[in-house]
There are 2 protein chains.
Amino acid sequence: MPRARVQASKENDDKSPAPRATVGLRDVARAAGVSTATVSRAINNPDIVSADLRERILSVIDRLGWVPDGAARALTTRRAGVIGAVFPTLSHGDFARATNAIQAELLTSGYTLLLACSDYDAEQEYRQVRKFIERGVDGLILVGEAHHPKLKEFLLGRGVPFVQTFVYSRTTHGSCIGPDNHRALFNLTNYLLDLGHVRFAAIAQSTENNDRATARLNGLRDALAERSLAIPPEHFAIGEWTIAEGRALFRHVMAGPSKPTAVVCGNPYLAAGAFLESQAMGLRVPHDLSIVGYDDIELLSELPVPITTVRVQSDQVGRYAARFIVGKVEGKPADIVFECPAEIIVRASSGPPPRR
Amino acid sequence: MPRARVQASKENDDKSPAPRATVGLRDVARAAGVSTATVSRAINNPDIVSADLRERILSVIDRLGWVPDGAARALTTRRAGVIGAVFPTLSHGDFARATNAIQAELLTSGYTLLLACSDYDAEQEYRQVRKFIERGVDGLILVGEAHHPKLKEFLLGRGVPFVQTFVYSRTTHGSCIGPDNHRALFNLTNYLLDLGHVRFAAIAQSTENNDRATARLNGLRDALAERSLAIPPEHFAIGEWTIAEGRALFRHVMAGPSKPTAVVCGNPYLAAGAFLESQAMGLRVPHDLSIVGYDDIELLSELPVPITTVRVQSDQVGRYAARFIVGKVEGKPADIVFECPAEIIVRASSGPPPRR
DNA sequence: TTGTAGGCGTTATCAG
DNA sequence: CTGATAACGCCTACAA
C-alpha cells in the first residue's frame, strides 16, 4: 500500500495533500498560519516567540489535539527523555521501592522510566541493556558492579552514562550509589561478637551472580575471622527469598548437636521465617538465641519480637541514582561514588548469648 | 555547532563525508559493499536475502558494533516495540508482582516496558498516559476502570489499544482483565455469614480514586444487606497499606462495648496487623474472633495462625494483560473481558463466632 | 522575531 | 534477490 502522501501527489497535482491519518506539526502550522519552525519553537522555546503567536499556536494545538511524535523528536534531538533501569528482579521489596523512587524522581525531571529484569543473570542483563540502547535510552541504572565482560566497554563506547546501584566501592569503574555491603555485615557481626556470641549460623540467599550478597557474606566471614571464628558448614544454609525458606533453613541449622547462639539472615524474609520458626519450636528470642536480618521491611518491626536488622534506604538509593543519571545526561561531567548509610537497627531479637 | 555532515560537505566537495560519531546503517552498507536496503532486509527479513550476503552483512555489523536506532525505525515503522503501564503505585505487592510478570511476558514478545505511577490520581494517570503516547507506546496497560474523563476518548481517538487490569466488569467500555472485586468480597462475606457471624468490622484502605476497593466494599455491604445486616460506624475504619495501621485500626474497632466477631481487612498488610495486634491483646483467633484479609501474600500463610484470604493471582493478571495487549498491537481485533479467579483461601484464622 | 530548507537513521516502494 | 530513493515528523542553522 502506497503511503497517503505519495498517493495524494499523484492524484491532485499541487498543494492540499489528502488528509493524513494523524495530525502533525505541519497541520498545526498551516492551521495557525505560521511556519513549522515557529510551532516547534512555540513548544520547545516559548520565550523566543511573540506572545500572541504563541498563544494562537497553543490554542490550535489544543484544538487539533496534536501530540508531538517522540520518535521524530528523538531522531533529530538525539535524546529520548528516557532512562532505563535493569534490576535483577522486581518482586523483592528493595528493588520495588527503588523503582518507585526512581519513577517519582524522573517524573519531576520530565523523563520516563524503561524497566527490565535480568533475573540475576549477567548475560540477560547485557541483552537488556543492548535493547535499551536500541530504544535510545539516555542513561542507565544498573544494580551491582559485576556485569557481563562486554557491558561497560559497550556503554563507554557509545557514551551512554550509567550508575551502579546498591553497591559502594571505591575500586569499581564508574559511578555507584549504595551501601557498603561488606562493611554493613562486618559491623553487624561485630555488634553480635561484642555481645559475646561465638557460635554463628548464617541463612542467606544464593551469592551466585550477586556481588552484593557476596560482599555481605564476606563481611560476615571477615569479622568472624578477625576473632579467629568461622561458621561451620552445618550452620550455613542457602535458600530463596521467602519466609517458608527461612523457616526450613532455620530448622536445618538448629538440627545438629551444637546449636548456634546467633543466626544471621541474608534478607528480611529469611529473618522473619527464622523467627517464626523459632517461635514454633518454642525457643525464646533473644534469650535462647539472637536473630538478625538484613534490610528493614515493615514486618520486621511488627513481629511479636521485633527483629534487629540493617536498614538501607532503598528509596534513597533510587532517588539519588535517578537524580545523578539525569544530571549526567544533561551534561554534568563528574562521576560519583556515593555511600548510602547502612544503619544497624537494634531491636529486641538480639541480645547476649545464653550462659551455659 | 553545525552538524558533522554539513561541515563535511563544505570542506570536501563530494563523497567521503567526515566520519560521524556513531556508525549507522549506511556505514555497514558501505563496508559490506551493499545498499542500505539490503542491510535493512538482512536484519528485518533475513529470508529474502541470499545466504552469503546475509552472512557478510551480519559479520560487518558485528565488527562495526552497529546498533540500529530505534527512533529512526519507529519513525518509519510507526511502531516502537514499547508497551506502557501506569500503576497507582509500585510498592504494593500485587502491582509489583504484576509488573514483574508483564515485564517477563513482554520480553518473550520482544517488547519493552515503560512504567509510570499515578499515585491513585486520575489527573496524573491521564498526564502519564499522554506522555506515554508522545513517547510512542504501542499499547497501554492501566489499572481499574475509573479514569480521567478524557482518557478513553483520547486513546480511542489515536487508536492506541489498552487494557484495564485488576477489574472485571461486563459494563465497562474496553477490555479488562482481573477479578470481580465485588463478587470476591460478596462471597467472602457470605462464607463468614454462613459460619454464623453477625457482628462484622471492616478495616480497609481508602476507596478514594480506587474503584477496585470501592467495589469490594460494596460487595461486603451487599452481602450483609441481604441478611439485613450492616457494619456500624464504630466498626468501620479506614487506613493505609501497613501492618502498623492494621494494628491501630484493629484496636480501634475493638475498643467499643460491642465487639465484632469477624474482622474483614481490605489488604494483606492490614490483615497481618490486625492479627498481630489481636495476639498482643491476648485474643484467640479464631476462637474469640475471625480475621480475614484480601490478596494472598506469603506472610498470611506463615503467621502462627494462617489467615483466611482471597487469592488473586496478580502475576496472572499481568501476564494475560501483557499477552493481550501485544496481540492487540499486532492486529488481533477483538476486545476481551477476562475474569481472573478470586479464590477464597480458608485458613485457620476464620471459624464460627464464639457462643455467648 | 519568523520563515526556509535540509537532515536525523531507517524502512519500504518500485524498478532492475 | 538487490539497489536507488522518497518518505517518516520534527528540529535547527541560516537567511530574511
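Guide: A residue is buried if 20 or more other C-beta atoms, placed from the backbone, lie within 10 Å of its own, exposed if 12 or fewer, and partly exposed in between. This is a predicted model, in which local features need pLDDT of at least 70, side-chain atom pairs count only at pLDDT 80 or more, and totals for chains, interfaces and linings use all residues. Residues are numbered from 1 along each chain as its sequence is written, and chains are lettered from A in the order in which they are written.

Visitor: What makes H12(A) mostly covered?

Guide: By that cut-off, 11 of the 13 residues of H12(A) are buried, among them Tyr269(A), Phe275(A) and Glu277(A). Helices are DSSP runs of H or I, at least four residues long, and strands runs of E, at least two, both numbered from the N terminus.

Visitor: How do you know that the span of H12 of chain A agrees with its number of residues?

Guide: The expected span is 1.5 Å times one less than the number of residues. For residues 268–280 that gives 18 Å, and the end C-alpha atoms are 18 Å apart, so the two agree.

Visitor: Why is chain A called more spread out than a compact globule?

Guide: The globule rule is 2.2 Å times the number of residues to the power 0.38, and the radius of gyration is taken over C-alpha atoms. For 356 residues the rule gives 21 Å, whereas chain A has 28 Å, well over it, so the chain is more spread out. Its C-alpha atoms fill a box of roughly 100 × 40 × 40 Å along the principal axes. Buried residues make up 46% of chain A.
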